[in-house]
Every structure is written in structure tokens, then in C-alpha cells.
Amino acid sequence: QVQLVESGGGLVQAGGSLRLSCVASGSIFRINAMGWYRQAPGKQRELVAGITSGGNTNYADSVKGRFTISRDNAKNTVYLQMNSLKPEDTAIYYCNVDLVTVFELTRVYWGQGTQVTVSS
């Protein structure tokens with residue numbers, strides 16, 4: 001069994017910052033890629049940022065230069081530093097982890113989601 005626990009969401013004014021964290025725990029053998037997605041009301045879930053096991057990153061065009069994804073492999077944790085937040089960043093943010101379990105099963109897991117609200 002694998003669990004993902006997210007934290008760090010909340011309400012912030014436009015121009016402010018938030019830092020999201022996602023910790024993976026349980027029967028983990030190896031973590032491959034990690035990432036953050038978001039889903040705004042009435043919209044499809046979209047990729048915000050991703051990071052490979054080697055540290056290569058990719059970002060949605062809408063967040064480039066404002067958001068930074070990072071990971072701490074020793075802690076099985078992925079972070080999303082969000083600066084210069086805009087009202088259009090308001091969404092539920094989901095952690096996504098591609099990993100191999102101790103039973104040698106490769107699966108993708110999702111966090112429960114954390115709400116980010118940016119007021120204008």
C-alpha cells in the first residue's frame with residue numbers, strides 16, 4: 001500500500017506565494033517521475049510541472065518563471081514553490097507519483113488534492 005499526503009494549500013492574495021508538499025510513504029521500492037496537476041472548476045485536469053528521477057523538469061507554459069518543482073529523494077517528497085500567484089492559478093492541486101512498489105509493480109498514484117485559492 002502506498003499513500004500520498006499533500007499539504008501547503010490555502011488562500012493567498014494575488015502576487016503572493018505558496019509552497020506545496022507531497023510525501024509518499026508505504027511499500028515503495030523506487031520513485032520514478034513526480035509531478036503536480038491542477039483542476040479548476042469546469043476545466044480538465046492539467047499538468048502543472050513534472051520532475052524525473054534525474055532531476056529534469058518541465059512546466060506548463062502558464063507557470064514558467066513563476067513555479068518551481070523540486071524533490072527530496074531521501075524523504076520521498078516533491079515540492080511546488082509557487083510565486084507571483086494569479087487568480088487564474090486557483091484550483092485543486094494534485095500530486096502525481098510514478099513508482100515501483102516492493103512487489104515490483106509499477107503504478108501511478110494520486111494525492112487527495114489540496115485547494116489553492118488566489119484572490120484578486
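The legends below describe close-up views of a predicted model.

In this predicted model, local features need pLDDT of at least 70 and side-chain atom pairs count only at pLDDT 80 or more, while totals for chains, interfaces and linings use all residues. Residues are numbered from 1 along each chain as its sequence is written, and side-chain values use heavy atoms, with hydrogens and water left out.

**View A. Tyr37 and Trp110 form an aromatic pair.** Rings of Phe, Tyr and Trp (its six-membered ring) pair if their centres lie within 6.5 Å; planes under 30 degrees apart count as stacked, over 60 as edge-to-face and the rest as tilted. By this rule the count is one aromatic pair. The pair of Tyr37 and Trp110 is edge-to-face, with 5.0 Å from centre to centre and 65 degrees between the planes. Because Tyr37 belongs to strand E4 (residues 28-39) and Trp110 to strand E10, the pair ties together parts that are 73 residues apart in sequence. Strands (E, at least two residues) are DSSP runs, numbered from the N terminus. Tyr37 is partly exposed at 23% relative accessibility, and Trp110 is partly exposed at 38%. Here, buried means under 20% relative accessible area, exposed over 50%, and partly exposed in between (1.4 Å probe, protein chains only).

**View B. Arg45 lies over the faces of Tyr94 and Trp110.** A charge sits over a ring if NZ of Lys or CZ of Arg is within 6 Å of the ring centre and within 35 degrees of the ring normal. Arg45 is 3.7 Å from the ring centre of Tyr94 and 4.7 Å from that of Trp110.

**View C. A nonpolar patch lies on the surface.** Phe29, Val102, Phe103 and Leu105 form this patch, with about 460 Å² of accessible area together. Patches are made of residues with over 30% relative accessible area and no salt bridge; like charges are joined within 9 Å, and nonpolar side chains (Val, Leu, Ile, Met, Phe, Trp, Tyr) within 5 Å. A salt bridge is a side-chain nitrogen of Lys or Arg within 4 Å of a carboxyl oxygen of Asp or Glu. Accessible areas come from the Shrake-Rupley method with a 1.4 Å probe; for residues, only the protein chains shown count as cover. Val102 lies in the loop between strand E9 (91-101) and strand E10 (106-110), and Val102 is partly exposed at 45%.

**View D. Glu104 has a positive phi although it is not a glycine.** The phi of Glu104 is about 65 degrees. Glu104 is placed in the loop between E9 and E10 and is exposed, with a relative accessible area of 69%.

How values were computed. Helix = DSSP H or I, 4+ residues; strand = E, 2+ residues; numbered from the N terminus.
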